[in-house]
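Subject: Handover of a structure

Dear colleague,

Please find below the structure that I am handing over to you. My notes on it follow directly after.

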Amino acid sequence: KTYKPDTATIAKMKADADARTEQLRSLVEKMMTKQGVAIGTADSMWSFLAKGDFTVSADVKAQAQADIADDGYWGVEQTSDRILDFAKALSGDDPDKADAMLEAFKKGFEQATKAWGDKLPDISQRTYDAVVEKFNKWKNGTEDASTEA
């Protein structure tokens with residue numbers, strides 16, 4: 001079998017991730033502005049959030065809770081599925097590349113932890129664990145239909 005990157009899926013996933021990230025960033029920026037906090041770089045935004053020294057309106061809280069719920073866009077299942085799907089698209093669904101893709105994910109997770117400035121929230125660790133499990137199932141050919149790209 002010849003493995004080729006799925007450029008259409010990659011482009012679609014990048015566009016979706018960019019749009020959702022911009023939506024999240026906009027939400028945080030509005031919250032920061034309302035509290036008189038200067039908006040700086042992305043790293044300072046994450047550090048600001050990590051400190052937890054802020055208040056949110058009821059509508060922002062409801063949106064955030066929906067986004068990180070079990071079935072939410074930023075929830076463990078959807079996020080870990082997107083990460084696996086992206087790795088599959090990049091590798092042409094070649095399970096022999098699973099270890100290299102997993103190492104890249106782990107490196108990114110370490111970078112995210114540094115940008116956060118502290119241990120990442122529990123949802124991040126649960127997502128990490130789900131990603132590792134899904135990569136192992138992909139590599140071993142034991143994944144179920146719900147994680148197929």
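Which side chain meets that of Lys139 in a salt bridge? The partner is Asp99, with 3.0 Å from N to O. Side chains of opposite charge can pair when their charged atoms come close. Lys139 belongs to helix α6 and Asp99 to helix α5, so this pair, 40 residues apart, links distant parts of the chain. In total, six salt bridges are counted.

Please bear in mind that this is a predicted model. The mean pLDDT of the protein chain is 86, and 88% of its residues reach 70 or more. Residues 145–149 call for caution, with a pLDDT below 50. Beyond near neighbours in sequence, that stretch has 11 contacts in the model.

Helix α5 covers residues 98–116, and helix α6 covers residues 122–140. Their axes lie 10 Å apart, at an angle of about 170 degrees. Because angles over 145 degrees count as roughly antiparallel, α5 and α6 are described as roughly antiparallel to each other. On the α5 side, the residues that meet α6 are Ala98, Asp99, Met101, Leu102, Phe105, Lys106 and Phe109. Their counterparts in α6 include Tyr128, Val131, Val132, Phe135, Trp138 and Lys139. Sorted by class, this contact has 10 nonpolar, two polar and three charged residues.

Leaving aside neighbours within four places in sequence, Val132 is in contact with Leu102 and Lys106. The C-alpha atoms of Val132 and Phe105 are 9.1 Å from each other, and the two residues are 27 residues apart along the chain.

Helix α6 also packs with helix α4, which spans residues 76–91. How are these two helices set against each other? The angle between them is about 40 degrees, with the axes 9 Å apart, which means that α4 is oblique to α6. The crossing of α4 past α6 is right-handed. Among the α4 residues that make the contact are Val76, Ile83, Leu84 and Ala87, while α6 contributes residues including Ile123, Ala130, Val131, Phe135 and Trp138. By class, the contact of α4 with α6 has nine nonpolar, four polar and five charged residues.

Yours sincerely

Technical notes. Residues numbered from 1 in each chain as written. Predicted model: local features only at pLDDT ≥ 70, side-chain atom pairs only at ≥ 80, totals over all residues. Heavy atoms only, no water. Axes fitted to C-alpha atoms, helices over the stretch in contact; angles between N-to-C directions. Helix = DSSP H or I, 4+ residues; strand = E, 2+ residues; numbered from the N terminus. Parallel < 35°, antiparallel > 145°, perpendicular 65-115°, else oblique. Left-handed = near helix turned anticlockwise from the far one by under 90°. Contact = heavy atoms within 4.5 Å. Nonpolar A, V, L, I, M, F, W, Y, C, P; charged D, E, K, R; others polar. pLDDT = per-residue confidence, 0-100. Salt bridge = Lys/Arg side-chain N within 4 Å of Asp/Glu carboxyl O.
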